[in-house]
Amino acid sequence: MWGFQLQPSPAGKRSKPTVQLLLEIALCRITGDSRQALRLQGAGRTDAGVHARGQVAQFYTTRAHRPAALLRGLNALLPFEIRVAAVQEVALDWNSRYALRKTYWYDLGLGAVADPFVHRWRHYPPRPERLNLGAMADAAALFVGTHNFSVFANMSLNGSRKPAVRTILRYQLLPLEGGVRLEVQGTGFLYKQVRHMTAALLAVGAGSIGADDIGAALAAGTQAGSTGSQRAAFRKWQLAEAKGLCLQEVVYAPCCSLPGALEPAAGVGGVVQADVVLPVDECL
């Protein structure tokens, strides 16, 4: 598996099996529409190796379908690692990308021995007993608010530059059996932003950087450089691995009843659970 987003394939070769591709194949069989007509898109492009319990995808279909029948049909055709949790008709001008907020979890395993039953969904830092969780919690509070996160993001896959100012609503450490969960909620995130923020917090916990380094990186913004290599040289941490990260919830304005929405958000939309372990190699 290669993340959510459809990946272009060289001429004569099969497309990589992304979540989007597998959804489109199943929808084509059920609806009779082409992949081009479906225009399927997700609420966000989860990286290869990242999991998603609250991913939301929308598509268009030229025929009437009962949501309950679509739900059963999709789950019958999809691999078991990908489940559609709900299907609902939405307005034609509704857009899955326009969310009020998103919540990500990053789970850390801190046991002396990695738990083989959960290791596929957790990052196990070296020498976890040395992590200063209090310092990590204090540093996490620095991210809350509206900042320029240029230093905490990679260039997007297509090289486009998006505004780097984002708002973090909440960032906290929560207890987790055998570890700790970093829960971050924001109005939107840049490419690999959560993994960079996590890596910076882990560096604080390990004592290799201080909270003031995070403050300096936030203050630097675009002054840290306009290219990926310039921003990388400014960082004092390595990107956190993908497998500990999960898109947990996507919340929309009060016009949607999809699970994870603020209140009860036409095309058809659905919440997709893609709790899949994907290869960590990514196209950068």
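Residues are numbered from 1 along each chain as its sequence is written, and side-chain values use heavy atoms, with hydrogens and water left out.

Trainee: What is the mean pLDDT of the chain?

Mentor: pLDDT is the predictor's confidence in each residue, from 0 to 100. In this chain, 80% of the residues reach 70 or more. The mean is 83.

Trainee: Over which residues does pLDDT stay under 50, with 49 contacts beyond four places in sequence?

Mentor: Contact means heavy atoms within 4.5 Å. Residues 261–266 stay under 50 too, but there the model has 29 such contacts. Where pLDDT is low, the predicted coordinates should not be read in detail. The stretch with 49 contacts is residues 273–284.

Trainee: Is strand β7 buried or exposed?

Mentor: Strands (E, at least two residues) and helices (H or I, at least four) are DSSP runs, numbered from the N terminus. Buried means under 20% relative accessible area, exposed over 50%, and partly exposed in between (1.4 Å probe, protein chains only). One side of β7 has Gly179, Arg181, Glu183 and Gln185, the other Val180, Leu182, Val184 and Gly186, and both faces are covered. With 8 of its 8 residues counted as such, β7 (residues 179–186) is largely enclosed by the rest of the structure, so the word is buried.

Trainee: Which residue of β7 is the bridge partner of Tyr171?

Mentor: Two strands pair if DSSP finds at least two bridges between them. Strand β6 (residues 165–176) runs antiparallel to β7, joined by 8 bridges. The partner of Tyr171 in β7 is Val184.

Trainee: Which residue stands opposite Val180 in β7?

Mentor: Look to strand β4 (residues 101–109). It is antiparallel to β7, and 8 bridges join them. Opposite Val180 stands Leu108.

Trainee: Which residue in the turn between β6 and β7 has a positive phi?

Mentor: The two strands form a hairpin, with 2 residues between them. The phi in question is about 80 degrees. The residue is Gly178.

Trainee: How far apart are the end C-alpha atoms of helix α5?

Mentor: The expected span of a helix is 1.5 Å times one less than its number of residues. For the 14 residues of α5 (residues 193–206), that should be 20 Å. The model agrees: the ends are apart by 20 Å.
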